[in-house]
Amino acid sequence: MRDLADLLRGDLRFVNREQGSGTRMLLESLLRRDNLDSALINGFHNEEFTHAAVAAYVASGMADAGFGVEAAARQFGLTFIPMARKTTACCATRTASSCRPWAPCSGCCRTPSSRAASPSCPATP
């Protein structure tokens with residue numbers, strides 16, 4: 001498999017994230033961009049609720065491919081083929097963000113690269 005168009009091959013079995021998940025919406029957007037019909041993907045409606053579940057499904061041999069994050073693919077010893085970059089954000093109330101468990105993420109939000117990527121983030125530098 002090299003790109004999304006390969007998902008339309010009849011010999012590949014696919015497992016998807018659940019409808020409404022950010023990952024599923026990203027995949028559907030990429031398919032529309034490339035003018036690819038999801039109805040032609042064998043297993044498009046086979047759904048799992050986590051990235052790890054998609055990777056486990058593929059690792060077990062029940063599917064040949066899934067759409068998810070690199071960390072889950074690596075966890076299960078699968079090959080990862082980047083199809084898109086996805087930016088995520090951590091959100092918390094000021095009260096929650098002052099709690100000790102939040103400290104590692106809060107510090108990350110204050111790095112110059114994250115501040116440049118999210119200039120509207122209220123985290124103090």
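Mentor: Let us begin with Arg-13, which counts as partly exposed because its relative accessibility is 34%; please keep in mind throughout that this is a predicted model.

Trainee: Which residue does Arg-13 form a salt bridge with?

Mentor: The partner of Arg-13 is Asp-64, and the closest N and O atoms of the two are 3.2 Å apart. This pair links distant parts of the chain, since Arg-13 sits in the segment before β1 while Asp-64 belongs to the loop between α2 (51–59) and β3 (65–66), 51 residues apart.

Trainee: How many salt bridges does the structure hold?

Mentor: There are seven salt bridges in the structure. One of them joins the side chains of Glu-47 and Arg-24 at 2.9 Å, N to O, and here too distant parts of the chain are linked, with Glu-47 in strand β2 (residues 47–48) and Arg-24 in helix α1, 23 residues apart.

Trainee: What else is in the network with Arg-24 and Glu-47?

Mentor: Glu-28 is part of it as well, through salt bridges that share partners. As for accessibility, Arg-24 counts as buried because its relative accessible area is 2%, whereas Glu-47, at 30%, is partly exposed.

Trainee: What about Glu-18 and Arg-17?

Mentor: Their side chains meet in a salt bridge of 3.3 Å, N to O, and both Glu-18 and Arg-17 are buried.

Trainee: Where does Asp-6 lie, and what is its nearest side chain of opposite charge?

Mentor: Asp-6 lies in the segment before β1 (14–17). Asp-6 is buried, and its nearest side chain of opposite charge is Arg-2, at 4.2 Å. The cut-off for a salt bridge is 4 Å, so Asp-6 has none. Leaving aside neighbours within four places in sequence, Asp-6 is in contact with Met-1 and Leu-12.

Trainee: Switching topic, how many residues has the largest nonpolar core?

Mentor: That core has 11 residues, including Leu-4, Leu-7, Phe-14, Ile-41 and Phe-67. Helix α1 (residues 22–33) supplies the largest share, three residues. Apart from this core lies another, of five residues, among them Val-15, Tyr-57, Val-58 and Ala-63.

Trainee: Which residues does Phe-14 touch?

Mentor: Not counting residues up to four places away in sequence, Phe-14 touches several, including Leu-7, Leu-27, Ile-41, Phe-44, Ala-65 and Phe-67, and Asn-42, Gly-43 and Asn-46 are also among its contacts.

Key
Residues are numbered from 1 along each chain as its sequence is written. This is a predicted model: local features need pLDDT of at least 70, side-chain atom pairs count only at pLDDT 80 or more; totals for chains, interfaces and linings use all residues. Side-chain values use heavy atoms; hydrogens and water are left out. Helices (H or I, at least four residues) and strands (E, at least two) are DSSP runs, numbered from the N terminus. Buried means under 20% relative accessible area, exposed over 50%, partly exposed in between (1.4 Å probe, protein chains only). Lys and Arg count as positive and Asp and Glu as negative; His and the chain ends are not counted. Contact means heavy atoms within 4.5 Å. A nonpolar core is a set of buried Ala, Val, Leu, Ile, Met, Phe, Trp, Tyr and Cys residues joined through side-chain atoms within 4.5 Å.
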